[in-house]
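Reader: Hi! I have a new model open and could use a hand walking through it. Shall we start with contacts?

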Amino acid sequence: MLVLSRKLNEKIVIDGGIVVTVVRIDRNQIRLGIEAPAHVSVFREEIAGSARRGSSNKAMAVGI
């Protein structure tokens, strides 16, 4: 895991097409803005797990 320090309005560029910006810093919370191409799905970790399970269940339902 790469750990970076960023200040307000500073950015991180991933693979040349995904930009993560620190939008707001509050006491124990930060807000990130994520710009990504339309073909890239971006999920919070707790949502990504259920999205994967949902697609697996869908695949099982059609016999894939």
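Author: Happy to. By contact I mean heavy atoms within 4.5 Å. Keep in mind that this is a predicted model.

Reader: Great. Leaving aside neighbours within four places in sequence, which residues is Leu-32 in contact with?

Author: Under that condition, Leu-32 touches Val-20, Thr-21, Val-22 and Val-23.

Reader: And where is Leu-32 found?

Author: Leu-32 belongs to strand β3, which covers residues 29-35.

Reader: How far apart are the C-alpha atoms of Leu-32 and Thr-21?

Author: Their C-alpha atoms are separated by 5.5 Å, although the two residues are eleven apart along the chain.

Reader: Nice. What is the relative accessible area of Leu-32?

Author: It comes to 47% for Leu-32, so this residue counts as partly exposed. The cut-offs here are under 20% for buried and over 50% for exposed.

Reader: Let's switch to β1 and β2. In which sense do these strands pair, parallel or antiparallel?

Author: Antiparallel: β1 (residues 11-14) and β2 (residues 18-26) are joined over four bridges.

Reader: Which residue in β2 does Ile-12 stand opposite?

Author: That would be Val-20. Val-20 is also one of the residues in contact with Leu-32.

Reader: What about the hairpin, how many residues lie between the strands?

Author: There are three residues between β1 and β2, and in this hairpin Asp-15 has a positive phi near 55 degrees.

Reader: New topic, charges. How many salt bridges does a search of the whole structure find?

Author: The search turns up three salt bridges. Oppositely charged side chains can pair when their charged atoms come close.

Reader: Which residue does Arg-6 form a salt bridge with?

Author: Glu-10 is the partner, and the closest N and O atoms lie 3.6 Å apart. Arg-6 is partly exposed at 38% relative accessible area, and Glu-10 is partly exposed at 28%.

Reader: Last one: how far apart are the closest N and O atoms of Glu-46 and Arg-44?

Author: They are 2.7 Å apart in that salt bridge.

Reader: Is Glu-46 buried or exposed?

Author: Glu-46 is exposed, and Arg-44 is too.

Reader: Thanks, that helps a lot!

Methods:
Residues are numbered from 1 along each chain as its sequence is written. This is a predicted model: local features need pLDDT of at least 70, side-chain atom pairs count only at pLDDT 80 or more; totals for chains, interfaces and linings use all residues. Side-chain values use heavy atoms; hydrogens and water are left out. Two strands pair if DSSP finds at least two bridges between them. Helices (H or I, at least four residues) and strands (E, at least two) are DSSP runs, numbered from the N terminus. Buried means under 20% relative accessible area, exposed over 50%, partly exposed in between (1.4 Å probe, protein chains only). A salt bridge is a side-chain nitrogen of Lys or Arg within 4 Å of a carboxyl oxygen of Asp or Glu.
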